[in-house]
Amino acid sequence: MADKQIKTIGVLTSGGDAPGMNAAIRAVVRRGLSSGLNVKGIYKGYMGLLNEEIIDMTAKDVSDTIERGGTILYTARCLEFRTEEGQKRGAEICRKHGIEGLVVIGGDGSFAGAQKLANLGINTIGVPGTIDLDIACTEYTIGFDTAVNTAMEAIDKVRDTSTSHERCSIIEVMGRGAGYLALWCSIANGAEDVLIPEKYDYDEQKLINNIIDSRKKGKKHHIIVNAEGIGHSEAMAKRIEAATGIETRATILGHMQRGGNPTCKDRVYASMMGALAVDLLVQGKSCRVVGYRHGEFMDFDINEALAMKKNVSEYMWEINQSLSHNYTKNK
Ligand code: ADP
Ligand code: F6P
């Protein structure tokens, strides 16, 4: 079957930025150009599309970007694009600029937008970019590796001072409704406790008992990694201090987790995914999202990808519990 050969593609980043997005943009641009396509960059996600902030991209435009955090195309959230009218206007603007294929780097929300554009005749491919790792079809999302390393290093630093002062420290990490960043940090930082939306039973007394028990056993610090999805770290710290008599401090890591130079993994995987997205467009594919599973890069139908559910691995959770404290399997 002969596929209709497209000539011009566009690329945008949408939703929260993530380290490695520049590597993906660079790969789209250079893979596109080397495949004989024209490549256009769209600034500020769907908002920039609706405002026609569209530029031609050359190989040189993405020089010196692979090592940089953030996104050179900027990013935005756009309410208007959630409306049918906004989506139709977006598709018309793509056509006006000759954009037949579009690579959307972002999360599930951005993919929902890409799905709408695909239904309106623009070939779209989603590339998973979010520090939250909360995209169901893929084991890897651009930015998670950098963010989790950034958070891990920050928690190590808090731990030093926590030990010196023999304190309990609650460190809140990002992740929106998902606990992946928190759980990975818990294992990597050897935290005493971790609170994630997928598992927390809101039994604060149990947490308080753990803190008292570990202090009795001679632990000099007590690190609690708290996922943003649980939140309220400051108030929790006050309650814990009142209940245990142990000085307790809360640290909310915040947006520093979204910045910084991407790790090698984020640069390489983002490059692979950006290039694969272009290859799929060249093959005439649309309404697909790129993913990584079982050691392979692959693609899925966006509708199916958006319907998939993702859960924290039970085995990983159980191992985390057994490596922390006071834990007996099946207790
Ligand atoms: P993420 O892509 O990281 O999940 P958001 O959920 O904020 O981030 O979505 C990014 C943007 O994608 C939104 O601001 C909006 O422009 C677009 N978008 C989100 N959901 C939809 C939808 N259901 N239909 C069309 N566009 C959407
Ligand atoms: O999705 C990435 C993320 O950093 C989440 O972890 C967090 O909940 C959210 O974005 C924060 O968004 P904003 O930058 O708009 O405050």
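Good morning, everyone! What you see is a predicted model, where local features need pLDDT of at least 70 and side-chain atom pairs count only at pLDDT 80 or more, while totals for chains, interfaces and linings use all residues. Residues are numbered from 1 along each chain as written, chains are lettered from A and ligands numbered from 1 in the order in which they are written, and side-chain values use heavy atoms, leaving out hydrogens and water.

Let's start with ligand 1. A polar side-chain atom of lysine 116 lies 3.3 Å from a nitrogen atom of this ligand. On the backbone side, an N or O atom of cysteine 78 is 2.7 Å from a ligand 1 oxygen, and one of aspartate 108 is 3.4 Å from an oxygen of ligand 1. On its own, ligand 1 has 560 Å² of accessible area, and the protein covers 86% of it; these areas come from the Shrake-Rupley method with a 1.4 Å probe, and for residues only the protein chains shown count as cover.

Now, which residues surround ligand 2? Among them are Thr130, Asp132, Met174, Arg176 and Glu228, where near means a heavy atom within 4 Å. For histidine 255, a polar side-chain atom lies 2.8 Å from an oxygen of ligand 2. Alone, ligand 2 exposes 400 Å², of which the protein buries 76%.

On to the sheet. Here 4 strands form an open, parallel sheet in the order 7-8-6-9. Strands (E, at least two residues) and helices (H or I, at least four) are DSSP runs numbered from the N terminus, and two strands pair if DSSP finds at least two bridges between them. Strand 7 (193–195) and strand 9 (248–252) stand at the edges with a single partner strand each, so one side of each has no neighbour in the sheet.

Strand 6 (residues 168–173) and strand 8 (residues 222–227) are joined by 6 bridges, with cysteine 168 opposite histidine 222. Helix 6 (residues 180–189) packs on the sheet, touching strand 6, strand 7 and strand 8, and its direction makes about 160° with that of strand 8. Contact means heavy atoms within 4.5 Å; angles run from 0 to 180 degrees between N-to-C directions, with axes fitted to C-alpha atoms, for helices over the stretch in contact.

Methods. A polar contact is a pair of N or O atoms within 3.5 Å; within protein, one must be able to donate a hydrogen and the other to accept it, and residues adjacent in sequence count only if both atoms are side-chain atoms.
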